[in-house]
Amino acid sequence: MSLVDPTITADRFSERLTTICDLRGLTHEDLALRSGINITQIGHYAIGGRLPSTKNLHRLACALDISADVLLGIDSSSFNILQAPPRMVTLLEQAVRLSCAQMDLLLGIVALMVEQRESDG
């Protein structure tokens with residue numbers, strides 16, 4: 001299953017993750033400790049066995065101090081922010097100023113809001 005783009009395969013993600021970890025001098029154990037993701041799961045990502053969930057992708061990006069786009073190998077300029085609704089632009093402009101912990105909190109709040117909206121029908 002692909003996260004965003006059908007061309008992003010587990011093997012391609014594995015290559016990106018391994019290269020970035022090597023450049024940072026990080027082991028799987030280091031990455032597991034920094035990201036809070038189980039080392040076994042990190043191993044699956046590293047060998048190309050799985051793609052991370054959106055939540056784990058965010059955790060990996062924060063742990064590696066890079067954007068998810070860089071980790072996925074996506075050219076972020078392909079997203080045209082000018083086509084986004086004004087409220088979305090404002091949200092994105094504010095969100096980039098958050099720490100990883102604050103972003104995790106925001107993602108949790110959004111997930112609860114979506115869950116509530118879906119249950120309300």
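## An all-helix chain, from surface to core

The chain exposes about 8400 Å², and carbon and sulfur atoms supply 57% of that area. Accessible areas come from the Shrake-Rupley method with a 1.4 Å probe; for residues, only the protein chains shown count as cover. This is a predicted model: local features need pLDDT of at least 70, side-chain atom pairs count only at pLDDT 80 or more, and totals for chains, interfaces and linings use all residues. Residues are numbered from 1 along each chain as its sequence is written, and side-chain values use heavy atoms, with hydrogens and water left out.

**Layout.** The chain has seven helices and zero strands. Helices (H or I, at least four residues) and strands (E, at least two) are DSSP runs, numbered from the N terminus. Of the 121 residues, 27% are buried. Buried means under 20% relative accessible area, exposed over 50%, and partly exposed in between (1.4 Å probe, protein chains only). Contact means heavy atoms within 4.5 Å. Among contacts between residues at least 6 apart in sequence, 59% join residues at least 24 apart.

**Core.** The largest nonpolar core has 20 residues. Such a core is a set of buried Ala, Val, Leu, Ile, Met, Phe, Trp, Tyr and Cys residues joined through side-chain atoms within 4.5 Å. Phe13, Leu17, Leu31, Leu60, Leu64 and Leu71 have the most contacts inside this core. Helix 1, helix 2, helix 3, helix 4 and helix 5 each supply at least two of its residues. Helix 1 gives the most, with five residues.

**Helix 4.** Helix 4 spans residues 54-64, and its buried residues are Asn56, Leu57, His58, Leu60, Ala61, Ala63 and Leu64. Their cover includes helix 1 (10-24), helix 2 (28-35), helix 3 (39-47), helix 5 (68-72) and helix 7 (100-120). Just after helix 4, Asp65 takes a positive phi of about 55°.

| Residue | Residues in contact |
|---|---|
| Leu64 | Leu17, Ile20, Cys21, Arg24, Leu26, Leu31, Leu71 |
| Ser35 | Ile42, Arg59, Leu60, Ala63 |

**Ser35.** Ser35 lies in helix 2. Ser35 counts as buried because its relative accessibility is 8%. A polar atom of its side chain lies 2.7 Å from the backbone oxygen of Leu31.

**Surface.** Leu91 belongs to helix 6 (residues 86-95). Its relative accessible area is 45%, so Leu91 is partly exposed. Met88, Leu91 and Leu92 form a nonpolar patch on the surface, with about 250 Å² of accessible area together.

How values were computed: Patch = residues over 30% accessible without salt bridge, like charges linked within 9 Å, V, L, I, M, F, W, Y side chains within 5 Å. Salt bridge = Lys/Arg side-chain N within 4 Å of Asp/Glu carboxyl O. Polar contact = N/O pair within 3.5 Å; in protein donor to acceptor, adjacent residues only side chain to side chain. Lists of a residue's contacts leave out its neighbours within four places in sequence.
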